[in-house]
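Take a look at the protein shown below.

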Amino acid sequence: MKKIIHITALLVVAYLMNSFVLRSGIMKNALPDKTVEQRVDSLLALMTLEEKIGQMTLFTSDWEMTGPTLRATYKEDIRKGRVGAIFNAHTAAYTKELQRLAVEETRLGIPLLFGYDVIHGYKTIFPIPLGESASWDLTAIEQGARVAAIEAAASGLHWTFAPMVDIARDPRWGRISEGAGEDTYLGSAIAVARVKGFQGTGFDNTDAVLACAKHYAAYGAAQAGRDYHTVDISEQVMREVYLPPFKAAADAGVWTFMNAFNEWNGIPATAHDYLLKDILKWEWAFPGFVVTDYTSINEMVPHGYASDYKHAGELSVNAGVDMDMQGAVYYNHLADLVREGKVKESRIDDAVRRILRMKFMLGLFEDPYRFSNAEREKRLIMAPEHLAAARDMARKSLVLLRNEKQLLPLPKTMKTLAVIGPLADSKVDMLGNWSAAGDAKDCVTLLEGIRTKLQGSTQIIYEKGCNVDGTDRTGFAKALAAAKKAQVILVAVGEAGWMSGEAASRTDISLPGVQEDLVKALIATGKPVVVVLMNGRPLTIPWIADNAPAILETWFAGTQGGHAISDVLFGDYNPSGKLPVTFPRNVGQIPLFYNPKNTGRPMNPNDKYTSKYLDAPNTPQWPFGFGLSYTTFEYSDLKTDKKEFDRNETVTISVKVANTGQYDGEETAQLYVRDLVGSVTRPVRELKGFQKVFLKKGESKVIQFKLRADDLRFYNADLQFRAEPGDFDLWVGSHSDATLGTRIVLTR
Ligand code: GLC
């Protein structure tokens, strides 16, 4: 009994001491052993309503503009204790300067969170996320996010607005470049890898940052591929296609979500109760906080969903949004809404708890400056191992689309090589969009990579030929003159980095400007031409696809891009990338993705009355999952350990993969499944597994996949998530048109 009294007394003393410590504002030595929840509650009890609303307010610094507005008074706002987080401010020095305002000049000294769009690297820039996704290498993708977090955290940042996990099936939409492509299964696996990479094993070290699953939800389903446009999809499609990557991120422990700009079926995501409260915070029990996208609360007025900003703020906070990015709506109106009884203070407390919890977890009350460390920043930024990781990921992201007569890899010694094109020596375009603190001057261009690789063994003639866009052909003559002297012509064409990303939708996704004419002129010389594509989305390039003997998709390959592309072009790395997104033949086919429904009149070229076009095939230029290698892989002996299985059993699928070519190489074997009959119609096939397998030339391996009834679940007409007995076809192969298949039966 005595012992219990003793312990209780201790706890009471500890609680009083901590309260005193908190009250005095001396946060630094707050007792670290109290549970985070108790510390949050102790602090919350000291806060005024204005101070609480301050924690729910996020402003950008004036270092960068990533949206339509800036706010000149953000430093004064910090001093008034009315800002809880700042974004677009980084480096150890600047974050320390701003943090001091919060910690030493406000009543309670609550530290700021610093957020930034560290999407595919902080200073060492990796390939754009669509490119990283083309690697299908979850370990490498996680490692890329890890490096980004280490560098960001070394520069004072606590929080990245990534991963973007929006499924995108429309390449007119510029933000397809920021995600993992069109497939839910691949997108979910990559979401997990990125969350784990950014958040690491926690925040005890200063080498991890809070991740942010965005843009919740279905932003990629914008009508006509036009950014910010309306999203009108069924709940079945929302739950089956667009939500799973968010659920996967939540299950992986992501600490923040960002709501999308778009509406879903008439309600803006910024105030969508069902998405934010029913699904995210209740069904998924999400413990973190939700931040809006840039002024998305304000935008509910033009959406026609709120009569004014104050009304918008009421709708948004009551729907479950915890922090207002840049809109100053919570800043200006939330206190009045509470006093008018339109918003309960308990809702404010819930939001503030979610935010303070992060700050305690990050150790900011023990040491608000722990992430702002100039020595660590200097040591870690662009560290050699980071550049090596970026080069490794870039190589893995490259997709070989065509290689007639094994033109590639090129020999490292030839008399003359012509390197042509507006993207062959462009540093800034290697970064792609959302390149954070990446610096173009640090980028290795394709030309630089080739020069380094060939080390003078070959005469290299470079000519730009034309610009990425515009009609100027005056550079063609010099380009053709260079081509005529060369044994091989490399031409780098595609998009400028700014032609994809946010607010960068295109109605015509062919090569901009006169680039295709340049390629045609070069091919007309009769010399072997290798087309190197640099782009943030699938492009429609049917003539090039049919006439260029070799085509290498390089996306925007990042700081080490030129070295990585040269590694592949000259055979130091055998390309292994696979498309995470379908390449259509023309924009009229869009939306075109590998797994549509079959319809009642599936395409039959011999039957007029079937689902097809008069002027184009239904098939894409290159399908989801496609990518060649310098070697060849053959699949055979597809077997299942049982033909029939019930919901408690697992089917083991085995297949032999053989390297039948002349190079060692890595293959990504893909498993696709089709539910032949359902209580609602089902897609013609769905990715249900993939495995990367490295095989030396001549080597073969038997690989296995496991499949259970749970893997076959879908949302029926009553929105019940379940598998239904019946026949299932399955295929294993090197892309989504795989033909090696068999049938299994789910009995119950
Ligand atoms: C932008 C983007 C979002 C980004 C945010 C902060 O508008 O939609 O992805 O994280 O603003 O820069």
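Into which domains is the protein divided? There is domain 1 (1-114 + 344-373), domain 2 (393-589) and domain 3 (633-746). These bounds come from an automatic or database domain assignment.

This is a predicted model, where local features need pLDDT of at least 70, side-chain atom pairs count only at pLDDT 80 or more, and totals for chains, interfaces and linings use all residues. Residues are numbered from 1 along each chain as its sequence is written, and side-chain values use heavy atoms, with hydrogens and water left out.

**Domains 2 and 3**

The C-alpha centres of domain 2 and domain 3 lie 34 Å apart. Their contact (heavy atoms within 4.5 Å) takes six residues from domain 2 and nine residues from domain 3. About 540 Å² is buried between the two, and carbon and sulfur atoms give 44% of that. Buried area is the accessible area (1.4 Å probe) that two parts lose on being put together, summed over both. On the domain 2 side, Asn574, Ser576 and Lys578 supply 74% of the area buried against domain 3, more than any other three residues.

**Cores**

A nonpolar core is a set of buried Ala, Val, Leu, Ile, Met, Phe, Trp, Tyr and Cys residues joined through side-chain atoms within 4.5 Å. Buried means under 20% relative accessible area (1.4 Å probe, protein chains only). The largest core has 200 residues, and Trp159, Tyr216 and Phe257 have the most contacts inside it. It lies between domain 1 and domain 2, because both give residues to it. A second, separate core has 24 residues, including Phe645 and Phe705.

**Cavity and pocket**

On a 1 Å grid over the protein atoms alone, a cavity is a set of points where a 1.4 Å probe fits but cannot get out; a pocket is an open set with protein on both sides within 12 Å along at least five of seven lines; lining residues have an atom within 4 Å of a point. Grid points are joined across faces, edges and corners, and a volume is the space filled by probe spheres set on the points.

| Space | Volume | Lining |
|---|---|---|
| Largest cavity | about 100 Å³ | 15 residues, including Asp117 and Glu502 |
| Second largest pocket | about 780 Å³ | 27 residues, including Leu592 and Asn618 |

How values were computed
Buried means under 20% relative accessible area, exposed over 50%, partly exposed in between (1.4 Å probe, protein chains only).
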